[in-house]
Amino acid sequence: MKKLSVFIVSALVTFSAVSSSYAIVGAGFHWGFDYSMSMEDVKNEKVGIPMPDVSGLSLPPVFDPQNKDFITVSRTNWKASAINFGGKVYIDFIPIIEAIEVSCNFGLWQYDGSLRYADFSAAGLQYIAANNGNLSYKDVPLTIGSVGLPEYIGLNGTPYAKLQLDATVRKTIVDFWIVKLSGGAGLSSHFSTPLLTAKLIEDVVGGQLSDPTKLQTLLAPQGSMSKAIVQKIIDEAMGKPIIGMHILLGVKAKLPVVPIGIYVDGKYMIPFTKYDSDAGDKSINGFGLLLNAGLSLSI
């Protein structure tokens, strides 16, 4: 009986060592905390839509349409939602480099998008006459809730979604038996919704604002044009990819015999291009830390 016990213990120790050292493939599911995504407030960015013909309106002689902004756009109060999740698959018997991993994250953010336009209604014309030719402006919120669209995966603001795909090579730095510290690097590809920019509004509105007296109807908070602008953001989700790289430092804990483990991966994201070139210098800053914590299953 004693010999049998010794044999069983020896077998378990051997199996543990083999299992710990030679796991072949695995997968994981994680929740993410993306601190890389941030955006400066942009207020009253000029939209390249010319002032409509106002010659038929009763305007004072001092009014000069050439020196007035017709439409501007703003993006403020950027904030992350609670939604950021993903998964990964990996192979960890590659010679020299040790492991290759492919992972993904899907995250949601929102902000307060709005549009400001010159008011040529009866009240607006009275304001112009009484204020030495200065224009009165109307503000129109361009959020999901304000234009009457259904929630976008729980969001009511102006939505921003990102799908991130990473390919990583990693190698164990320190092995504490059941806890391993590893490092690595790889390429990243990001697919996202467009930002609310002057260019996006120009694409939607086009030449539809030729009659200045109809602006209030077209651009009302739940007007057809306001709704079309927000809908375009949703419809163009996951467009042209943004390419970049990342540097990884991760910790994994797993008992030798048990196939389930836990892991925390920290990635420093380095995009090579802007997230939205139409936003210019006010595009999203994608440099920073992405932290994933999850469960893994390996064999």
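This is a predicted model: local features need pLDDT of at least 70, side-chain atom pairs count only at pLDDT 80 or more; totals for chains, interfaces and linings use all residues.
**Exercise 1. Describe the largest nonpolar core and find which element gives the most to it.**

Solution. 
- Step 1: Start with the count. The largest nonpolar core has 51 residues.
- Step 2: Find the residues with the most contacts inside this core. They are F70, F120, Y160, L196, I201 and I229.
- Step 3: List the elements that give two or more residues. The strands are β3 (71-94), β4 (98-118) and β6 (158-175). The helices are α2 (122-130), α3 (144-147), α4 (198-205) and α6 (224-235).
- Step 4: Pick the top contributor. With seven residues, β4 gives the most to this core.
- Step 5: Zoom in on I229. Leaving out residues up to four places away in sequence, I229 touches L115, L142, L196, L200, I201, V204 and V205.
- Step 6: In soluble globular proteins, nonpolar side chains tend to be buried together.

**Exercise 2. Classify the ring pair W78 and W109.**

Solution. 
- Step 1: Count the aromatic pairs. There are six.
- Step 2: Check the geometry of W78 and W109. Their ring centres are 6.1 Å apart and their planes stand at 15 degrees. Planes under 30 degrees apart count as stacked, so this pair is stacked.
- Step 3: Locate the partners. W78 is in strand β3 and W109 in strand β4. They are 31 residues apart, and the pair links distant parts of the chain.
- Step 4: Check accessibility. Buried means under 20%. W78 has 16% relative accessibility and counts as buried. W109 has 2% and also counts as buried.
- Step 5: Widen the view. Ring pairs link W78, W109, Y111 and Y160 into a cluster.

**Exercise 3. Trace the salt-bridge network that holds K88, E101, R170 and D265.**

Solution. 
- Step 1: Get the total. The structure holds 12 salt bridges.
- Step 2: Take K88 and D265. Their side chains meet at 2.9 Å, N to O.
- Step 3: K88 lies in strand β3 and D265 in strand β9, so the bridge ties together parts 177 residues apart in sequence. Both K88 and D265 are buried.
- Step 4: Take R170 and E101. The closest N and O atoms of this salt bridge are 2.8 Å apart.
- Step 5: R170 is in strand β6 and E101 in strand β4, 69 residues apart.
- Step 6: Check burial. R170 counts as buried at 11% relative accessibility, and E101 counts as buried at 2%.
- Step 7: Join the pieces. K88, E101, R170 and D265 are linked in a network of salt bridges.

**Exercise 4. Say where the salt bridge between K199 and D203 lies.**

Solution. 
- Step 1: Read the distance. The closest N and O atoms of K199 and D203 are 3.0 Å apart.
- Step 2: Locate both residues. They lie in helix α4, four residues apart, about one turn of the helix.
- Step 3: Check accessibility. K199 is partly exposed, at 36% relative accessible area. D203 is partly exposed too, at 45%.

**Exercise 5. Examine the phi angles of I153 and W177.**

Solution. 
- Step 1: Recall the general rule. Most residues other than glycine have a negative phi.
- Step 2: Read I153. Its phi is near 50 degrees, a positive value. I153 is in the loop between α3 and β6, and counts as partly exposed at 43% relative accessibility.
- Step 3: Read W177. Its phi is positive, about 75 degrees, although W177 is not a glycine. W177 is in the loop between β6 and β7, and counts as exposed at 55% relative accessibility.

**Exercise 6. Identify the residues of the nonpolar surface patch.**

Solution. 
- Step 1: Name the members. L255, V257, V258, I260, I262, L295 and L297 make a patch of about 640 Å².
- Step 2: Assign elements. β9 (260-271) and β10 (288-298) give two or more residues to the patch. I260 lies in strand β9.

How values were computed
Residues are numbered from 1 along each chain as its sequence is written. Side-chain values use heavy atoms; hydrogens and water are left out. Patches are made of residues with over 30% relative accessible area and no salt bridge: like charges are joined within 9 Å, nonpolar side chains (Val, Leu, Ile, Met, Phe, Trp, Tyr) within 5 Å. Accessible areas come from the Shrake-Rupley method with a 1.4 Å probe; for residues, only the protein chains shown count as cover. A salt bridge is a side-chain nitrogen of Lys or Arg within 4 Å of a carboxyl oxygen of Asp or Glu. A nonpolar core is a set of buried Ala, Val, Leu, Ile, Met, Phe, Trp, Tyr and Cys residues joined through side-chain atoms within 4.5 Å. Buried means under 20% relative accessible area, exposed over 50%, partly exposed in between (1.4 Å probe, protein chains only). Contact means heavy atoms within 4.5 Å. Rings of Phe, Tyr and Trp (its six-membered ring) pair if their centres lie within 6.5 Å; planes under 30 degrees apart count as stacked, over 60 as edge-to-face and the rest as tilted.
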